[in-house]
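I opened the notebook to keep a record of what I looked up in this structure. The entries follow the order in which I checked things.

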Amino acid sequence: MKHISLLLSLVVSLTVKAQNPFVQTWYTSDPAPLVHNGTMYVYTGHDEDKADFFWMQEWRVYSTQDMVNWQDHGSPLALESFSWADDRAWAGQTIERNGKFYWYICAHSKISNGMAIGVAVGDSPTGPFRDAIGKPLYEDGKWDHIDPTVMIDDDGQAWLMWGNPQCYYLKLNKDMISYNGELGRLDMTEEAFGAPAMDKREKGKKYKDCYTEGPWLTKRNGTYQLLYAAGGVPEHIAYSTAPSPTGPWTYAGEIMPLCDTGSFTNHCGIADYKGHSYFFYHTGKLPGGGGFGRSVAVEEFQYNADGSFPKIMPTDKGVSPIANFNPYRRIEAETMAFSKGVKTEQNEKIGVYVTDIHNGDYIKLQAVDFAGKLPRTFTARVASGLRGGTIEIRIDSLGGQLLGRLEVPGTGGWEQWQTVTTDLTALATGTHDLFLVFTGRKGPKLFNFDWWKFE
């Protein structure tokens with residue numbers, strides 16, 4: 001019995017220290033990072049719970065300023081945003097130009113009965129977004145028009161690429177919602193991607209690699225880099241380089257080799273942020289996850305001296321904080337480094353909030369800086385259609401020092417919000433991990449949670 005207890009303690013300890021996947025409230029996939037005004041945003045797909053295929057209905061947005069505590073901005077874009085789309089809200093990428101944010105997506109088209117490339121536009125990184133043109137940007141009835149990636153070159157020319165197993169490209173006009181010229185096709189050769197196009201492969205010949213899907217186009221030190229899911233199924237991440245977006249491309253090797261990620265697909269995006277380089281990808285490592293229940297993750301890396309990519313391996317630990325977290329302000333409850341059990345929901349009146357809270361669930365925030373201010377009270381906005389519960393405010397671990405308990409009352413409904421304050425019974429100084437541990441009757445949902453703050 002003692003050995004079982006020690007094992008359970010070890011499992012809990014390892015889980016609490018994990019930062020990957022960095023979203024635990026929903027299954028998320030196909031991460032696409034964007035840095036804007038000092039904030040890292042990541043745009044994701046959303047795998048449905050218990051799905052048996054990529055039956056995806058919406059896209060989601062998350063943001064951080066320290067790389068470990070992520071705020072959930074909900075779903076500002078869904079299939080319903082596009083009158084022409086009816087299914088398969090698959091991978092996309094967002095880019096900013098002249099104060100507008102353009103979100104390129106792919107979805108199944110009611111018009112052509114194939115996959116199509118669409119574009120939405122918004123005035124902020126988190127939306128609201130709307131269909132920019134009321135029709136697909138590109139479609140021709142084929143099924144390989146998936147996974148768009150976009151970049152704006154040094155000369156101002158915007159490039160859009162996508163495709164499985166062929167990689168296509170368009171030269172976008174400056175309005176970002178139309179294009180100039182005909183649809184281009186990259187030359188899918190063995191030299192370019194490790195294997196030629198599928199219809200040109202020799203039977204029985206073993207190739208060193210092959211382009212599959214999920215391209216990510218970027219440029220470094222004057223060289224274009226195209227990262228992509230490679231190798232067929234299961235997928236790893238590889239890349240090729242070229243002197244121009246149209247080629248000629250040269251296969252450059254693997255970035256994330258085939259690993260035990262719990263997912264037979266992978267999809268990557270990269271971004272530099274506050275002097276650090278980050279590689280985003282997805283796994284199937286959340287409880288109940290897998291190939292159709294994926295979860296976004298991130299690793300920090302350093303480029304090789306010549307600008308090439310090192311090998312990047314997936315970890316449960318994830319990345320370290322690059323800044324401390326200030327708790328002396330209103331914090332949206334859906335901001336977290338890690339969590340257990342909880343979900344998020346949203347509506348027009350409240351926005352995004354934490355729900356599905358049960359006894360023993362928790363939210364963790366990392367590197368919370370109490371400084372020397374000695375917080376005296378903890379305030380939260382909550383709602384409960386039953387008898388409520390308790391928020392235990394702890395530091396350093398799930399069973400760490402208790403700063404106080406906030407009693408959440410029954411408020412008369414799950415959307416009947418009250419602001420409740422408690423005096424803290426212990427003081428905290430310095431920097432700690434913060435745990436908001438939820439307790440109450442075992443079984444039923446306890447309450448909803450909108451925001452909190454220390455004073």
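This is a predicted model: local features need pLDDT of at least 70, side-chain atom pairs count only at pLDDT 80 or more; totals for chains, interfaces and linings use all residues.

I then looked up D131, which is found in strand 10, residues 129-131. What does the side chain of D131 reach at 3.2 Å in the backbone of G134? The side chain reaches the backbone nitrogen of G134. The side chain of D131 also makes a polar contact with the side chain of W84, at 3.2 Å.

Next I asked which side chain of opposite charge is nearest to D131. It is R130, 8.5 Å away. D131 is buried, yet it has no salt bridge. Leaving aside neighbours within four places in sequence, I listed S81, F82, W84, V119 and A120 as the residues in contact with D131.

**Entry 1: salt bridges.** I reminded myself that side chains of opposite charge can pair when their charged atoms come close. How many salt bridges does the structure hold? I found 19. I looked at some of them one by one.

R294 and D30 meet through their side chains in a salt bridge, 4.0 Å from N to O. This pair links distant parts of the chain, 264 residues apart. R294 is in the loop between strand 20 (276-283) and strand 21 (295-301), while D30 is in strand 1 (residues 27-36).

Are R294 and D30 buried or exposed? R294 counts as buried because its relative accessibility is 4%, under the cut-off of 20%. D30 counts as buried too, at 7%. I also noted that D30, D47 and R294 are linked in a network of salt bridges.

R220 forms a salt bridge with D272, and their closest N and O atoms are 3.5 Å apart. R220 lies in strand 15 (residues 211-220) and D272 in strand 19 (residues 269-273), so the pair ties together parts that are 52 residues apart in sequence. R220 counts as partly exposed, at 26% relative accessibility. D272 is partly exposed as well, with a relative accessible area of 42%.

E392 and R394 also meet in a salt bridge, 3.0 Å from N to O. Both E392 and R394 are buried.

Entry 2: I turned to an open sheet of five strands, with the order 24-27-32-29-30 and antiparallel pairing. Why is one side of strand 24 and of strand 30 left without a neighbour in the sheet? Strand 24 (338-340) and strand 30 (401-408) stand at the edges and each has a single partner strand, so one side of each has no neighbour there. From one strand to the next, the twist averages 20°.

Strand 29 (residues 389-395) and strand 30 run antiparallel and are joined by seven bridges. I picked out I393, whose bridge partner in strand 30 is G404.

**Entry 3: a hairpin.** Last, I checked strand 25 and strand 26, which form a hairpin with three residues between them. Strand 25 covers residues 343-347 and strand 26 covers residues 351-355; they run antiparallel, joined by five bridges. In strand 26, V354 is the bridge partner of T344.

Terms used. Residues are numbered from 1 along each chain as its sequence is written. Side-chain values use heavy atoms; hydrogens and water are left out. Two strands pair if DSSP finds at least two bridges between them. Helices (H or I, at least four residues) and strands (E, at least two) are DSSP runs, numbered from the N terminus. Axes are lines fitted to C-alpha atoms, for helices over the stretch in contact, and angles run from 0 to 180 degrees between N-to-C directions. Buried means under 20% relative accessible area, exposed over 50%, partly exposed in between (1.4 Å probe, protein chains only). Lys and Arg count as positive and Asp and Glu as negative; His and the chain ends are not counted. A polar contact is a pair of N or O atoms within 3.5 Å; within protein, one must be able to donate a hydrogen and the other to accept it, and residues adjacent in sequence count only if both atoms are side-chain atoms. Contact means heavy atoms within 4.5 Å.
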